[in-house]
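This report covers the strand pairing in one protein model. Keep the sequence and the structure in view while reading.

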Amino acid sequence: MTRWILKCIVCGEERIFEAAFNLRLFGGKMYLYCRKCKANREHLILGCEEGGEECLSAGVDVID
Ligand SMILES: [Zn+2]
(Lines give C-alpha, C1' and ligand atoms only; values in the text may rest on other atoms or scores of the structure.)
Protein backbone atom coordinates (compact mmCIF):
# COMPACT_ATOMS: atom_id res chain seq x y z
CA MET A 1 0.00 0.00 0.00
CA THR A 2 1.15 3.48 -0.83
CA ARG A 3 -0.07 6.49 1.11
CA TRP A 4 -0.94 9.27 -1.31
CA ILE A 5 -1.44 12.90 -0.43
CA LEU A 6 -4.51 14.36 -2.11
CA LYS A 7 -5.80 17.90 -2.01
CA CYS A 8 -9.36 19.00 -2.71
CA ILE A 9 -9.23 21.70 -5.38
CA VAL A 10 -12.38 23.33 -4.03
CA CYS A 11 -11.64 23.77 -0.30
CA GLY A 12 -7.93 22.93 -0.20
CA GLU A 13 -8.35 20.17 2.37
CA GLU A 14 -5.52 17.67 2.27
CA ARG A 15 -6.07 14.01 3.00
CA ILE A 16 -4.23 10.73 2.89
CA PHE A 17 -5.53 8.04 0.61
CA GLU A 18 -4.12 4.53 0.77
CA ALA A 19 -4.08 2.66 -2.49
CA ALA A 20 -2.50 -0.50 -3.79
CA PHE A 21 -2.23 1.00 -7.27
CA ASN A 22 -0.44 3.94 -8.83
CA LEU A 23 -2.62 7.02 -8.55
CA ARG A 24 -0.42 8.88 -11.00
CA LEU A 25 -2.06 6.86 -13.74
CA PHE A 26 -5.05 9.14 -13.25
CA GLY A 27 -3.07 12.04 -14.66
CA GLY A 28 -2.56 13.91 -11.40
CA LYS A 29 -6.24 14.27 -10.54
CA MET A 30 -9.02 12.06 -9.32
CA TYR A 31 -12.54 12.38 -7.97
CA LEU A 32 -12.94 11.49 -4.34
CA TYR A 33 -15.37 12.23 -1.56
CA CYS A 34 -14.35 15.31 0.43
CA ARG A 35 -15.57 15.28 4.01
CA LYS A 36 -15.31 19.05 4.24
CA CYS A 37 -17.30 19.74 1.06
CA LYS A 38 -19.55 16.75 1.77
CA ALA A 39 -19.48 15.96 -1.94
CA ASN A 40 -17.34 14.32 -4.57
CA ARG A 41 -14.66 16.77 -5.58
CA GLU A 42 -11.70 16.78 -7.87
CA HIS A 43 -8.52 16.17 -5.91
CA LEU A 44 -4.98 16.94 -6.93
CA ILE A 45 -2.57 14.10 -6.39
CA LEU A 46 0.32 15.84 -4.66
CA GLY A 47 2.49 12.77 -4.25
CA CYS A 48 3.31 9.95 -1.89
CA GLU A 49 3.72 10.44 1.82
CA GLU A 50 6.76 8.19 2.05
CA GLY A 51 9.86 8.66 -0.03
CA GLY A 52 10.18 4.94 -0.34
CA GLU A 53 11.28 2.99 -3.37
CA GLU A 54 7.72 2.14 -4.31
CA CYS A 55 6.82 5.80 -4.28
CA LEU A 56 9.83 6.84 -6.36
CA SER A 57 9.40 4.10 -8.93
CA ALA A 58 5.75 5.02 -9.27
CA GLY A 59 6.82 8.42 -10.58
CA VAL A 60 8.81 7.03 -13.51
CA ASP A 61 5.61 6.13 -15.32
CA VAL A 62 4.50 9.73 -15.76
CA ILE A 63 7.73 11.41 -16.82
CA ASP A 64 6.84 10.93 -20.47
ZN1 LIG B 1 -13.28 19.88 -0.33
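Two strands count as paired if DSSP finds at least two bridges between them. Strands (E, at least two residues) and helices (H or I, at least four residues) are DSSP runs, numbered from the N terminus.

This is a predicted model, in which local features need pLDDT of at least 70, side-chain atom pairs count only at pLDDT 80 or more, and totals for chains, interfaces and linings use all residues. Residue numbers start from 1 along each chain as its sequence is written.

The model has an open sheet of 4 strands in the order 2-1-4-3, with antiparallel pairing. Strand 2 (14–19) and strand 3 (29–34) are the edge strands, each pairing on one side only. Neighbouring strands of the sheet are turned by 50° against each other on average, direction ignored. For such angles, axes are lines fitted to C-alpha atoms, for helices over the stretch in contact, and values run from 0 to 180 degrees between N-to-C directions.

| Pair | Bridges | Sense |
|---|---|---|
| Strand 1 (residues 2–8) and strand 2 | 6 bridges | antiparallel |
| Strand 1 and strand 4 | 5 bridges | antiparallel |
| Strand 3 and strand 4 (residues 39–48) | 6 bridges | antiparallel |

Which residues does Leu 6 pair with in strand 2 and strand 4? In strand 2, the partner is Arg 15. In strand 4, Leu 6 has Ile 45 as its bridge partner. Further along the sheet, Leu 32 stands opposite Arg 41 of strand 4.

Strand 1 and strand 2 form a hairpin, with 5 residues between them. Gly 12 lies in that turn and has a positive phi of about 85°.
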